[in-house]
Amino acid sequence: MQKQGIEQTPEARRNALYQRAFVIVLGGIFLAILVQAWVIGTRLDELFVKVGNDSVMRLVSVRNWLGGQGWFDTMEYRLVPPEGVLLHWSRYIDAMIGGMIILFSSFLPTATAEILAITIWPTVLMVALICAVGFGMRRLFGPLAASFAMLCVLTWPFTSRFYFRPGQIDHHNVQILMTALMTLAAIWPKAPLRSGIVAGLAASIALAVGLETLPYILALGLLLFLRATFAITPEANRLLITFCITLAVGSVVLWLGQTPADRLTYPVCDQLGMPVLSLIGIAGAASIIPFVVGLRSGIWRFAVSLVVVALGFALTWPFLGPCLAGPYGSLPLEVQDIIKSAINEALPALTFAQTNALLLIKMMLPVVATIVIAGVLWMGLGRSDAGEIIKRDIIGQLLILCTIGLIAVFFQVRLFSMSAGALPLLAGFALAALLSTYLKSRSAGDAAKLIGATVLIITPFVIETLVKPVLPKRAQTTTAQDRNCRDADALAALNAVAPSVVLTPMNIGPAVLLQTHHKVLSGPYHRSPEAFANGKIPFVLPEAEMQTYLSEIGAEHLVLCNGSNYGRGFATELAKGGEGSWLRPIAVEAGDLLVFEIIAAGDS
């Protein structure tokens with residue numbers, strides 16, 4: 001008699017279907033990432049110089065290191081010579097990219113090895129982010145929620161468009177990946193020791209490569225502290241203590257690994273140093289001491305923590321005090337105003353919206369929609385079943401973290417990164433819950449809820465494919481980055497001019513460093529007020545004042561973008577065909593770049 005197979009239950013068949021869907025979605029996303037890497041990577045030799053100033057300057061820094069500049073020497077000597085500008089970036093990122101270049105250079109030309117490295121690095125980080133979100137979410141909420149979470153990563157501009165495309169080699173992609181790992185570890189319902197180690201290591205790595213994630217780490221730490229203080233469970237206590245210890249140890253080790261001995265005590269406010277380490281120490285002590293002394297009351301624990309924080313600030317005030325004004329606080333007000341207007345990602349959301357309203361909508365609407373939809377679903381979760389209680393706790397934490405990120409955007413738009421770890425997880429939970437409800441009811445109302453939520457959460461995709469093509473084209477003012485002014489071949493043509501000190505508009509400076517042998521006087525790096533000022537102020541001055549300014553800063557050549565509008569100064573006249581007796585046009589095949597030699601007083 002033939003043995004009959006055991007018939008699967010409807011739930012088992014559904015789970016098997018969701019598992020297959022997860023594999024298909026994961027494979028499709030990987031394929032899309034690889035296709036993007038191939039399409040963009042094959043054109044990076046011409047496109048990279050247009051990617052962004054920070055990525056361009058990162059490659060300049062990597063080249064300096066590979067060319068023999070010391071590990072602890074992050075000075076860019078060709079920017080604002082002869083002193084140069086000390087960059088506040090981490091060598092750890094340089095080491096990863098530079099290591100790839102060394103490897104590929106063993107069997108490829110150096111130029112090809114560079115292109116391959118700057119293509120692979122952000123691609124690997126994107127794959128790692130997808131895997132972290134996908135597999136983490138599958139363990140927490142199942143394969144269906146994981147599939148939606150991965151698709152959210154792929155459609156939200158902040159995680160797909162801005163920082164993970166080939167050529168994007170500044171540190172923000174690493175920070176977003178670390179934020180996702182921190183978030184997953186912090187909400188993990190089991191294994192508090194392992195979760196604390198993962199979250200602490202991810203936080204220390206994020207701080208080592210840049211301080212943009214510091215507000216998120218403080219918010220995450222505060223959430224863990226409040227849960228441990230008032231929930232008073234062994235798991236919450238172990239998670240908090242392990243996180244604090246790992247963060248402190250990891251931060252110190254990474255700080256020592258990238259900071260020269262003669263700068264260890266410098267009170268730097270824009271990178272991992274004594275002020276941030278002091279803050280970590282205070283937070284760690286305030287978190288751990290109440291548990292070490294055995295206080296059982298949440299109120300008493302909280303009170304003792306406040307006392308420790310107050311004492312800690314009093315003891316470390318020489319390090320922390322100067323940093324309260326932020327990394328730009330010590331700069332001249334004129335330079336601060338330039339930074340506020342010249343760096344889009346540092347603008348508050350409402351200011352950013354004045355010139356980039358559609359982009360802000362694409363970034364913000366999915367966050368708002370996800371918080372609202374997930375919040376409604378969270379309120380409907382049960383309070384008696386153990387599984388529902390765990391789910392409710394996880395979603396509650398994610399809602400808090402995502403909301404904090406949304407609020408932070410109104411201070412700086414780049415702080416969308418504070419929502420990057422929680423948003424895909426919340427979106428995955430919400431869409432999976434709505435789909436499951438519809439599959440059970442098959443009602444038109446549930447179908448409408450699912451479709452509406454999906455459209456809101458994937459707003460960027462809807463706008464790009466349906467809305468943007470029918471919008472009227474907006475007339476744009478030509479700026480220094482328009483037309484061919486950051487064209488790789490045009491910039492390389494400047495090498496026909498003997499090495500000199502060149503003044504350019506701010507956004508062209510790093511590109512000139514990358515593509516030419518010249519030194520430059522301008523660039524968007526706040527540790528040099530001169531670099532910021534030189535990239536803006538002389539271009540809005542009348543002719544006589546501009547001539548005096550350029551003479552004082554030692555400029556030998558002036559490079560402008562043909563037809564650009566720099567304001568009401570003499571530079572706009574020059575860009576539109578004007579002449580100056582103290583300037584000699586240089587005939588060079590440099591696309592839309594206009595090159596002038598600055599004639600010193602007394603020269604003919």
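**Disulfides and cavities**

The disulfide between Cys 485 and Cys 561 is right-handed, because the torsion about its S-S bond is about 75°. Cys 485 sits in the loop between α19 (459–467) and α20 (488–492) and Cys 561 in strand β5 (residues 557–561), so the link ties together parts 76 residues apart in sequence. Here helices (H or I, at least four residues) and strands (E, at least two) are DSSP runs, numbered from the N terminus. The S to S distance of this pair is 1.7 Å; a disulfide is a pair of cysteine sulfur atoms within 2.5 Å. Both Cys 485 and Cys 561 are buried, where buried means under 20% relative accessible area, exposed over 50%, and partly exposed in between (1.4 Å probe, protein chains only).

A word on the model: it is predicted, local features need pLDDT of at least 70, side-chain atom pairs count only at pLDDT 80 or more, and totals for chains, interfaces and linings use all residues. Residues are numbered from 1 along each chain as its sequence is written, and side-chain values use heavy atoms, with hydrogens and water left out.

The structure has 2 disulfides. Cys 269 and Cys 323 form one of them, with S to S 2.0 Å, and at -80° about the S-S bond this link is left-handed. Cys 269 lies in the loop between α11 (234–258) and α12 (274–292), and Cys 323 in the loop between α13 (298–320) and α14 (333–342), 54 residues apart. Cys 269 is partly exposed at 22% relative accessibility, while Cys 323 is buried at 18%.

How many cavities of 30 Å³ or more does the structure hold? There are 3. On a 1 Å grid over the protein atoms alone, a cavity is a set of points where a 1.4 Å probe fits but cannot get out, and lining residues have an atom within 4 Å of a point. A volume is the space filled by probe spheres set on the points, which are joined across faces, edges and corners.

The largest cavity has a volume of about 60 Å³, and its lining includes Tyr 163, His 172, Glu 212 and Arg 414. Helix α8 (residues 172–187) gives the most to this lining, with 3 residues. Asn 173 also lies in helix α8 and is buried, at 0% relative accessibility.

Definitions and conventions:
1 Å grid on protein atoms, 1.4 Å probe; cavity = no way out; pocket = protein on both sides within 12 Å on 5 of 7 lines; lining within 4 Å.
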